[in-house]
Structures are given as structure tokens and as C-alpha cells.
Amino acid sequence: MKYWLVCCNSGHRGRKRNGELALAIEAPDSVSAMLIAKRFPAVKRKRSAYLCTIKEISKEEYNARRKLNAYDKALR
């Protein structure tokens with residue numbers, strides 16, 4: 001398995017209050033990681049343009065990101 005950092009726009013908070021989520025995901029490839037990220041709560045799903053970036057990360061960075069809550073910064 002590979003480790004991915006998927007950055008996507010969040011929604012469900014009203015106009016002009018949407019943030020960006022950085023989700024650490026374990027998946028075999030980048031397409032699978034994007035499909036997994038689309039199922040997370042508060043992620044905009046309708047258009048693929050809402051998924052901003054995806055990059056491969058190391059296992060150490062993956063573990064560090066999993067300890068942090070991705071929703072804290074985006075949904076304040």
C-alpha cells in the first residue's frame with residue numbers, strides 16, 4: 001500500500017466559509033485515494049474540480065497526519 005495526502009475543499013458550512021481539508025489516506029493508487037476522500041464527511045463531491053491536489057507521502061508523515069484532526073483547521 002502507498003500513502004497519499006489528498007487536499008480537497010470542504011462544504012456544508014454556508015457561503016464563503018468553506019475551507020480546505022488535508023486528508024492522509026492509505027490506498028494502492030491515487031485514483032483509489034481520491035475516491036476514498038470523496039466519501040469523507042464535509043467534502044464537496046459533485047465536481048472533480050473540488051479535489052485540489054494529491055501527492056504521495058512517506059509512512060512517517062502519514063502517521064503524523066493521522067494523529068492530527070484534519071477538520072480542526074478547515075472547519076473553525
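This is a predicted model: local features need pLDDT of at least 70, side-chain atom pairs count only at pLDDT 80 or more; totals for chains, interfaces and linings use all residues.
**Sheet**

I started with the strand order. I find three strands in an open sheet, ordered β2-β1-β3, with antiparallel pairing. β2 (20-27) and β3 (51-57) are the edge strands; each has a single partner, so one side of each has no neighbour in the sheet. I get an average twist of 20 degrees from one strand to the next.

Next I looked up how β1 meets β3. Strand β1 (residues 2-9) runs antiparallel to β3, and six bridges join the two. Which residue of β3 is the bridge partner of Y3? I looked, and I57 is the partner.

**Helices**

I then turned to what packs on the sheet. Helix α1 (residues 30-37) does, touching β1, β2 and β3. Its direction makes about 125 degrees with that of β2. Helix α2 (residues 59-67) also lies across β1, β2 and β3, and I note about 130 degrees between α2 and β2.

**Cores**

The largest has 11 residues, including W4, V6, C8, L21, L23, A33 and L51. I see that β1, β2 and α1 each give at least two residues to this core. Which strand supplies the largest share? That is β2, with four residues.

Setting aside neighbours within four places in sequence, A37 touches V6, L23, I25 and V43.

A separate core of five residues lies apart from the largest one. Among its members I list Y3, A24, I57 and Y62.

Notes: Residues are numbered from 1 along each chain as its sequence is written. Side-chain values use heavy atoms; hydrogens and water are left out. Two strands pair if DSSP finds at least two bridges between them. Axes are lines fitted to C-alpha atoms, for helices over the stretch in contact, and angles run from 0 to 180 degrees between N-to-C directions. Contact means heavy atoms within 4.5 Å. A nonpolar core is a set of buried Ala, Val, Leu, Ile, Met, Phe, Trp, Tyr and Cys residues joined through side-chain atoms within 4.5 Å. Buried means under 20% relative accessible area, exposed over 50%, partly exposed in between (1.4 Å probe, protein chains only).
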